[in-house]
Amino acid sequence: MTTSLVRMPGIGLEAFARAGGMHPELVLRLVRLGLLEPMGGPGGDLRFPPAQLVLLGRIERLHAGLALNYASLGVVLDLLDRIERLEDALRHRP
């Protein structure tokens, strides 16, 4: 019997949570709230693009720094992204 190792894209749940300094259950909660968007993996395993670690750090800073609950962070993140797009449009305006 031969087995080949295939490198899967993204970071597994345990490694992602560890890299972000969070418990895997909290990462799953953030996924359920729609704050993180994992990729599907084999057998339904959650895998995360490395860029999601930046978002995870942003979520944690907003939660700790502004004492916002995780459920409200979706609105705050959307507003911050919108502000960033508007500022970018103003910078590139003739």
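Helices and strands here are DSSP runs, numbered from the N terminus. With that settled, I began my notes on this predicted model.

**Entry 1: the order of elements.** I read along the protein chain from the N terminus and found the elements in the order β-α-α-β-β-α-α. The tally for the chain is four helices and three strands.

**Entry 2: the sheet.** Next I looked up how the strands are arranged. They form an open sheet in the order β1-β3-β2, with antiparallel pairing. The edges are β1 (11-12) and β2 (39-40), and each of these pairs on one side only. I then followed β1 to its partner β3 (residues 46-48), and two bridges join this antiparallel pair. Which residue of β3 stands opposite Ile 11? I found Phe 48 there.

**Entry 3: two helices.** Two packed helices are described by the angle between their axes and the distance between the axes. I looked up both values for α1 (residues 13-20) and α2 (residues 24-32): the angle is about 100 degrees, and the axes are 9 Å apart. Angles of 65 to 115 degrees count as roughly perpendicular, so α1 is roughly perpendicular to α2. On the α1 side, the contact is made by Leu 13, Glu 14, Phe 16 and Ala 17, while α2 brings Pro 24, Val 27 and Leu 28. Sorted by class, this contact has six nonpolar residues, one charged residue and no polar ones.

**Entry 4: the whole chain.** Last, I zoomed out. The protein chain has 94 residues, and 22% of them count as buried. Its accessible surface comes to about 6,800 Å², with 58% belonging to carbon and sulfur atoms. Among contacts with a separation of 6 or more, 43% come from residues 24 or more positions apart.

Definitions and conventions
Residues are numbered from 1 along each chain as its sequence is written. This is a predicted model: local features need pLDDT of at least 70, side-chain atom pairs count only at pLDDT 80 or more; totals for chains, interfaces and linings use all residues. Side-chain values use heavy atoms; hydrogens and water are left out. Axes are lines fitted to C-alpha atoms, for helices over the stretch in contact, and angles run from 0 to 180 degrees between N-to-C directions. Angles under 35 degrees count as roughly parallel, over 145 as roughly antiparallel, 65 to 115 as roughly perpendicular and the rest as oblique. Contact means heavy atoms within 4.5 Å. Ala, Val, Leu, Ile, Met, Phe, Trp, Tyr, Cys and Pro count as nonpolar, Asp, Glu, Lys and Arg as charged, and the others, Gly among them, as polar. Two strands pair if DSSP finds at least two bridges between them. Buried means under 20% relative accessible area, exposed over 50%, partly exposed in between (1.4 Å probe, protein chains only). Accessible areas come from the Shrake-Rupley method with a 1.4 Å probe; for residues, only the protein chains shown count as cover.
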